[in-house]
Amino acid sequence: MGTSTSSAGAGSGASFDPPWLDDAETGIDSSHADKPISPNPAPEDGSDGVNDSDSENAQHEESPAVAPAGRYQEARRALTGFVQSGSGSDLRRGISSFIKKGMGGSVKAASRMRTSAIASASLGGFLATARDGTDPDIDAWVASVKQRNLSAHDTALEVVQKLLPTGGSIDEESAKHAMNQAISHLYEVDPTADIFNLADDQIANVMAFTVAYDVYNRVQLELGRVFEKLKYVPSVIQQRLAQVLDYIMVVVNKSMGKVRSGSTSHSMREIATSALQDALTVFSES
């Protein structure tokens, strides 16, 4: 379902942010994350991009200082019902509880998952810089990759390795996996895409895919045993997991479109951070 291993979930009484989180951030090459990305036309709801994000409302939510007892109990119960019935309401309720109680609310969840936004912005900035040819070192690297005639899959791996060469922590490995999944998904929806010559809208899609897959992987890490323990044939489990991913992808893509709306360009770091916060707010309130 995203990551190769699920866990029983982090226990109660622990800090929501693990001690290695700051190190995970610095492991990603974010030197081009502040590159601007063009805005989208304003959506029908009249929102105006980053400044109109629901994250402003999320700042007022109350959340505990440390993880409460039974933090994932309600989420597991709802997702168990979802696996059994395929009910979208059970799915939404499970993800909502996962964010609100399991991760301390959308603001704390965004802090806990900030590596996701950094990975998204770093990947977007790197791809835009490769397209624009404004960094001699990246230009030389792109030329060397093209000379090797790699497959789309192997090219994705090369890009991810370039941005996150070491890794090791849970968050770094999840970011690596999400970036790789995002590029692969781009090729699925747009087989003719040239990864080193993407338009801003395509780059925004890759950024949204990165956030969505990282959220999906996070659900697997913390709640995956719900899916593993139930005695269903693999085809049913795969169908349910596809529903989980579809739901997360739809919400994150809408959030990305929302925060890019208006007439003002913002940095990819701002866009990725706001899209993550907006999506987590939507998940928690659904």
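Which backbone oxygen lies 3.3 Å from a polar atom of the side chain of Gln277? It is the backbone oxygen of Ser106. The views below show a predicted model, in which local features need pLDDT of at least 70 and side-chain atom pairs count only at pLDDT 80 or more, while totals for chains, interfaces and linings use all residues. Residues are numbered from 1 along each chain as its sequence is written, and side-chain values use heavy atoms, with hydrogens and water left out.

View 1. Gln277 belongs to helix H12, residues 268-285 (helices are DSSP runs of H or I with at least four residues, numbered from the N terminus). Gln277 has a relative accessible area of 7% and is therefore buried (buried means under 20% relative accessible area, exposed over 50%, and partly exposed in between, with a 1.4 Å probe and protein chains only).

**View 2. The crossing of helices H6 and H9.** Two packed helices are described by the angle between their axes and the distance between the axes. The axes of H6 (residues 114-132) and H9 (residues 170-189) come within 10 Å and cross at roughly 40° (axes are lines fitted to C-alpha atoms, for helices over the stretch in contact, and angles run from 0 to 180 degrees between N-to-C directions). H6 is therefore oblique to H9 (angles under 35 degrees count as roughly parallel, over 145 as roughly antiparallel, 65 to 115 as roughly perpendicular, and the rest as oblique). The crossing is right-handed, a term for a near helix turned clockwise from the far one by less than a right angle. Thr115, Ala119 and Leu123 of H6 meet Asp171, Ala175, Met179 and Ile183 of H9 (contact means heavy atoms within 4.5 Å). By class, this contact has five nonpolar, one polar and one charged residues (Ala, Val, Leu, Ile, Met, Phe, Trp, Tyr, Cys and Pro count as nonpolar, Asp, Glu, Lys and Arg as charged, and the others, Gly among them, as polar).

**View 3. The packing of helices H6 and H8.** The axes of H6 and H8 (residues 152-163) are 11 Å apart, and the helices pack at an angle of about 110°. H6 is therefore roughly perpendicular to H8. The crossing of H6 and H8 is right-handed. From H6, Ser122, Leu123 and Phe126 meet Val159, Lys162 and Leu163 of H8. By class, four nonpolar, one polar and one charged residues make up the contact.

**View 4. Glu172 in helix H9.** Glu172 counts as buried, at 8% relative accessibility. The side chains of Glu172 and Ser169 are joined by a polar contact of 3.0 Å (a pair of N or O atoms within 3.5 Å; within protein, one must be able to donate a hydrogen and the other to accept it, and residues adjacent in sequence count only if both atoms are side-chain atoms). The C-alpha atoms of Glu172 and Ile28 are separated by 7.9 Å, although these residues are 144 apart along the chain.

**View 5. Asn149 in the loop between helices H7 and H8.** Phi of Asn149 is near 50°, a positive value in a residue other than glycine. Most residues other than glycine have a negative phi. Asn149 is exposed, with a relative accessible area of 68%.

**View 6. Ser96 in helix H4, residues 88-102.** Ser96 counts as buried at 3% relative accessibility. Not counting residues up to four places away in sequence, Ser96 touches Phe283, Ser284, Glu285 and Ser286.

Technical notes. Helix = DSSP H or I, 4+ residues; strand = E, 2+ residues; numbered from the N terminus.
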